[in-house]
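Here's a quick walk through one protein chain. Have the structure open as you read.

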Amino acid sequence: VRAAGGLLRFLERNRSQLGDLEGPWQGTCVQDVRLFSPEDVLFVDLQTLTALQVFQEEQHPSLVRSFGRTKEGLSLCGLLEPLVASAAGASMLRRWLQQPSRDGRLLQRRQDAVERLLCLARGSGAELVREIHRELREVRDLPPLLRREIGR
């Protein structure tokens, strides 16, 4: 709880350096604070993730003498990543794939949300889905911003 309070104070004090983290409302909006417990997620070892092709890193052609980056290859993550609009969403997707939830109801709610979104995208709400995707591109990924600020 103290860490969450400290994070909120940090966000309030550094709002201008972090960019627009809020909408038309005033102040930082926090909807929920949850405790993380390792018992809530399933541990999946690297060998299993590789065998199931959840992740498949490939050397990028610009990789020269260990400089540069790898890229996601033909994998579950590689297929889903283009559908994610923001860096924060990509981080969440990777976390969900690396540490899947043990909560069957949560997994069902996620599946239902994806199904509704796909139905909307295929039907009369296609433009709305594109607009939501455009808006989500503006969502910032807080951990890298915080690491950069703390490192100063």
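## Overall layout

First off, this is a predicted model. The chain is built from eight helices and two strands.

Of the 152 residues in the chain, 20% are buried. If you take the contacts with a separation of 6 or more, 44% of them join residues 24 or more positions apart. The chain exposes about 12300 Å², and 57% of that comes from carbon and sulfur atoms.

## The core

Nonpolar side chains tend to be buried together in soluble globular proteins. Here, the largest nonpolar core has seven residues: Val-44, Leu-49, Val-54, Phe-55, Cys-77, Leu-93 and Leu-97.

Leaving out residues up to four places away in sequence, Leu-97 touches Leu-49, Val-54, Phe-55, Leu-76 and Cys-77.

## Gln-53, a loop residue with positive phi

Gln-53 is found in the loop between α3 (46-51) and β1 (57-59). Check its backbone: Gln-53 isn't a glycine, yet its phi is positive, about 55°. Is this residue buried or exposed, or something in between? Gln-53 counts as partly exposed because its relative accessibility is 44%, which falls between the 20% and 50% cut-offs.

Ser-86 sits in another loop, the one between α4 (76-80) and α5 (87-98). This serine has a relative accessibility of 11%, so it counts as buried; the cut-off for buried is under 20%.

A polar atom of the Ser-86 side chain lies 3.0 Å from the backbone nitrogen of Gly-89. Ser-86 also touches Leu-136, Arg-137 and Val-139, again not counting residues up to four places away in sequence.

Leu-117, Leu-120, Leu-128, Ile-132, Leu-136 and Val-139 make a nonpolar surface patch of about 470 Å². The elements giving two or more residues to this patch are α6 (104-122) and α7 (126-136). Which element gives the largest share? That's α7, with three residues.

Leu-120 lies in helix α6. Its relative accessible area is 33%, so Leu-120 is partly exposed, and a patch residue needs over 30%.

Methods
Residues numbered from 1 in each chain as written. Predicted model: local features only at pLDDT ≥ 70, side-chain atom pairs only at ≥ 80, totals over all residues. Heavy atoms only, no water. Helix = DSSP H or I, 4+ residues; strand = E, 2+ residues; numbered from the N terminus. Buried < 20%, exposed > 50% of the residue type's maximum accessible area, 1.4 Å probe, protein only. Contact = heavy atoms within 4.5 Å. Areas by Shrake-Rupley, 256 points an atom, 1.4 Å probe, with all protein chains shown as cover. Core = buried A, V, L, I, M, F, W, Y, C linked by side-chain atoms within 4.5 Å. Polar contact = N/O pair within 3.5 Å; in protein donor to acceptor, adjacent residues only side chain to side chain. Patch = residues over 30% accessible without salt bridge, like charges linked within 9 Å, V, L, I, M, F, W, Y side chains within 5 Å. Salt bridge = Lys/Arg side-chain N within 4 Å of Asp/Glu carboxyl O.
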